[in-house]
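Subject: Structure for you to look at

Hello,

Here is the structure I said I would pass on. Please open it first, then read the notes below it.

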Amino acid sequence: MFYASYNVGSGVYVKAVCRIPTDQKQVALTFDDGIDRVQTPLVLDVLQRHHIKATFFLVGERAQAHPDIVRRMVAEGHTIGIHTWQHRNTFPLGSTATITADLQRTRSVLEQLGGHPVTRFRPPFGVTNPPIGKAARRLELTIVGWSIRSHDTNPKRSRTDIVKRIERRLHPGAIILLHDNRPNSEELLEKILVMLKQHDYTIMNL
């Protein structure tokens, strides 16, 4: 039960997309926990310079507070998805009705700001359970997990260590989990892009 709940790729309660179906050297970059008014624009600047599209799973409350950044994401060709309204630790403890309302509230704000349907959802911490699965199916949301977790939220890990961790786990079709609200996240992204280029990997969007 613990494994099923805390492993988004387990598929016990709901199916999740955790890798791109390809045998080519392609990966997808995904970012959680935004928007951060300082760091997110810096991450977007890096992606823009390298002509790369990514997927951002946004916290609804933060997106509502920074509408211009959401609009910039969409205008520059990035995909936006749901990461709940407030990213609370207690989110998975809610009822199906409560979780559904939270996701719908977030989706409504993102669709209003972005002007496009929002169909992707990443549960905080990758936690799934029966109520989350039911809510996602009720709203016809695709749950997106990952196949490489960078651990970039761990303050004890250096950027070099994080890049090496990703490099060791690199594989065709990888979905890489990053965060755009961490200090110096744009510098980490630059290092990751250099590493991917060294291994002849290209980046595609989900």
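H2 and H8 are roughly parallel to each other, because angles under 35 degrees count as roughly parallel. The model is predicted: local features need pLDDT of at least 70, side-chain atom pairs count only at pLDDT 80 or more, and totals for chains, interfaces and linings use all residues. Residues are numbered from 1 along each chain as its sequence is written, and side-chain values use heavy atoms, with hydrogens and water left out.

Helix H2 covers residues 39-49 and helix H8 residues 185-198; they pack at about 25 degrees, with axes 8 Å apart. Axes are lines fitted to C-alpha atoms, for helices over the stretch in contact, and angles run from 0 to 180 degrees between N-to-C directions. Helices are DSSP runs (H or I, at least four residues), numbered from the N terminus.

Among the residues of H2 that meet H8 are Leu 42, Val 43 and Val 46; contact means heavy atoms within 4.5 Å.

H2 also packs with helix H4 (residues 67-75): their axes come within 11 Å and cross at roughly 15 degrees. H2 and H4 are therefore roughly parallel to each other as well. On the H4 side, Ile 69, Arg 72 and Met 73 take part.

Thr 106 is in helix H5 (residues 96-114). Is Thr 106 buried or exposed? Thr 106 is buried, with a relative accessible area of 0% (buried means under 20%, exposed over 50%, partly exposed in between, with a 1.4 Å probe and protein chains only). Leaving out residues up to four places away in sequence, Thr 106 touches Leu 58, Gly 60, Ile 82, Thr 84 and Trp 85.

Regards

Methods:
Helix = DSSP H or I, 4+ residues; strand = E, 2+ residues; numbered from the N terminus. Parallel < 35°, antiparallel > 145°, perpendicular 65-115°, else oblique.
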